[in-house]
Amino acid sequence: MEFWLDLNEEQTDLREWVHGFAESVIRPAAAEWDEREETPWPILQEAAKIGLYGFEFLVNTWSDMSGLSLPVVNEELFWGDGGIGMALSGTSLAVAAIYGSGTPDQLVEWVPQCFGDEADPKVGAFCSTEPEAGSDVAAMRTRAVYDEASDEWVLNGQKAYATNGGIANVHVVTASIDPSLGSRGQAAFIVPPGTPGLAATKKLRKLGLRASHTADVFLDDVRVPGSCLLGGKEALDARLARAREGKRASGQASMRTFELSRPAVGAQALGIARAAYEYSLDYAQNRVQFGRPIVENQAIAFALADMRTEIDAARLLVWRAAWMGRNDRPFTAGEGSTSKLKAGEVAVAVTEKAVQILGGAGYLRDHPVERMFRDAKIYTIFEGTSEIQRLVISRAITGRQIR
Ligand SMILES: Cc1cc2nc3c(=O)[nH]c(=O)nc-3n(C[C@H](O)[C@H](O)[C@H](O)COP(=O)(O)OP(=O)(O)OC[C@H]3O[C@@H](n4cnc5c(N)ncnc54)[C@H](O)[C@@H]3O)c2cc1C
């Protein structure tokens, strides 16, 4: 499909529908759930009831050939609120992992269980980061050992900072099978609901995105059926054999999976940035100092002009990468990373400027820009820090192993 900036009627309707939910349900509840630092289950239920949370919604959004529906939805949800947006979107991390590594049968079996149903919505968790393996994924210590007698995998280790860790119905856990192969010796496993040995007792307290649950996850002799290895054993054995021969293909495939998910994350950052920009624009038009609205000072008006310009630039990069990913265009210059890098840094800069434009009021919890400022910061950290995005881009454009 050709790249086209005009949204079609279906996409415009989708945007308005999600925007309406964000405006009428998410925004009014944002401050409360930020203070409570809890998953807003009633909002998940409401979203599930109207079809905005669930397997079907995800399939419809992902199947759009232009690739733009997903960033459009994410921008509107996170315009509503970052924390609640993440509570609604955190499951998609697990789904993306199942989609990226699983067989069609595994997709059909597990993705619906990540979401639950309309009456009883659930969440999924993707557990990859570890205390000693953050940006350095290859340093992963969690081990998966195959028990041939029972056709089970036994998982042991510790995962850090897992969104929905411990409260998820389905946990997708990455583990090393052959540590000597680094990231190419790793695989992902489904941990089905209620599996003994998985525990996440400590909920983490955060700067922002507080309505999204984050926890460390401990795996103590967690036994999962052989069928829970994503992609299946035959494919794993073939992949490990290729890696042992020194072939690079599988590493490149997983890099592409990351690149594909980055524009959707960038769109989340964009939503927070746009919300802060709109709020501060409105405030600047109404706040009077020295006998005139503060927006009549170039210092303020130009800051708003820059904020708008940066948001538009970031959106173009996000949409381009989303379209490229959906239409199988190669990311020859790290375009997926470029979109996430730019959107994340724009969100941090724009929300900081919004606080500045509101002055003292911006520093108070009475106005949402304070929360947006806290929420935005995560976008230069998770799903690959800004430095890691720059590594990906610089390696792509130089062809060198930049460190
Ligand atoms: C709220 C939240 C939710 C999260 N959700 C999930 C989740 O659901 N699942 C999951 O698996 N993980 C999750 N994470 C983890 C997140 O992805 C990691 O925090 C992130 O990848 C960075 O890893 P780290 O924190 O160990 O930082 P480190 O890797 O220790 O990095 C520290 C600093 O060093 C820099 N650095 C590291 N290596 C290099 C290098 N080679 N070159 C230049 N700079 C470098 C980094 O950019 C960073 O500035 C979440 C984190 C948070 C805070």
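**Entry 1: ground rules and domains.** Domain bounds here come from an automatic or database domain assignment. I am working on a predicted model, where local features need pLDDT of at least 70, side-chain atom pairs count only at pLDDT 80 or more, and totals for chains, interfaces and linings use all residues. I number residues from 1 along each chain as its sequence is written.

I looked up the domain assignment of the chain. It gives domain 1 (9-115), domain 2 (124-246) and domain 3 (251-398). I then took the centres of domain 1 and domain 2 over C-alpha atoms, and 24 Å separate them.

**Entry 2: domain 1 against domain 2.** I count two residues as in contact if their C-beta atoms, placed from the backbone, lie within 7 Å. Domain 1 puts 24 residues into the contact, and domain 2 puts in 21 residues. On the domain 1 side, the elements that give two or more residues are helix H1 (9-36), helix H5 (82-89), helix H6 (91-101) and helix H7 (104-115). Helices (H or I, at least four residues) and strands (E, at least two) are DSSP runs, numbered from the N terminus. H6 gives the largest share of that side, 7 residues.

I sorted the side of domain 1 that touches domain 2 by class: 12 nonpolar, 10 polar and 2 charged residues. Ala, Val, Leu, Ile, Met, Phe, Trp, Tyr, Cys and Pro count as nonpolar, Asp, Glu, Lys and Arg as charged, and the others, Gly among them, as polar.

**Entry 3: the ligand.** Which residues are closest to the ligand? I found Gly-134, Ser-135, Thr-163, Thr-385 and Glu-387, out of 20 residues that surround the ligand. Strand S1 (124-127), strand S3 (152-163) and helix H13 (386-398) each give two or more residues to the shell. By class, I see 11 nonpolar, 7 polar and 2 charged residues there. The ligand lies between domain 2 (124-246) and domain 3 (251-398), because both give residues to the shell.

**Entry 4: Val-369.** I found Val-369 in helix H12 (residues 369-376). Is Val-369 buried or exposed? Val-369 is buried, because 27 other C-beta atoms lie within 10 Å. The cut-offs are 20 or more for buried, 12 or fewer for exposed, and partly exposed in between, with C-beta atoms placed from the backbone. Leaving out residues up to four places away in sequence, Val-369 touches several residues, including Ala-276, Tyr-279, Thr-351 and Leu-358.

Key
A residue is near a molecule or strand if its C-beta atom, placed from the backbone, lies within 6 Å of it.
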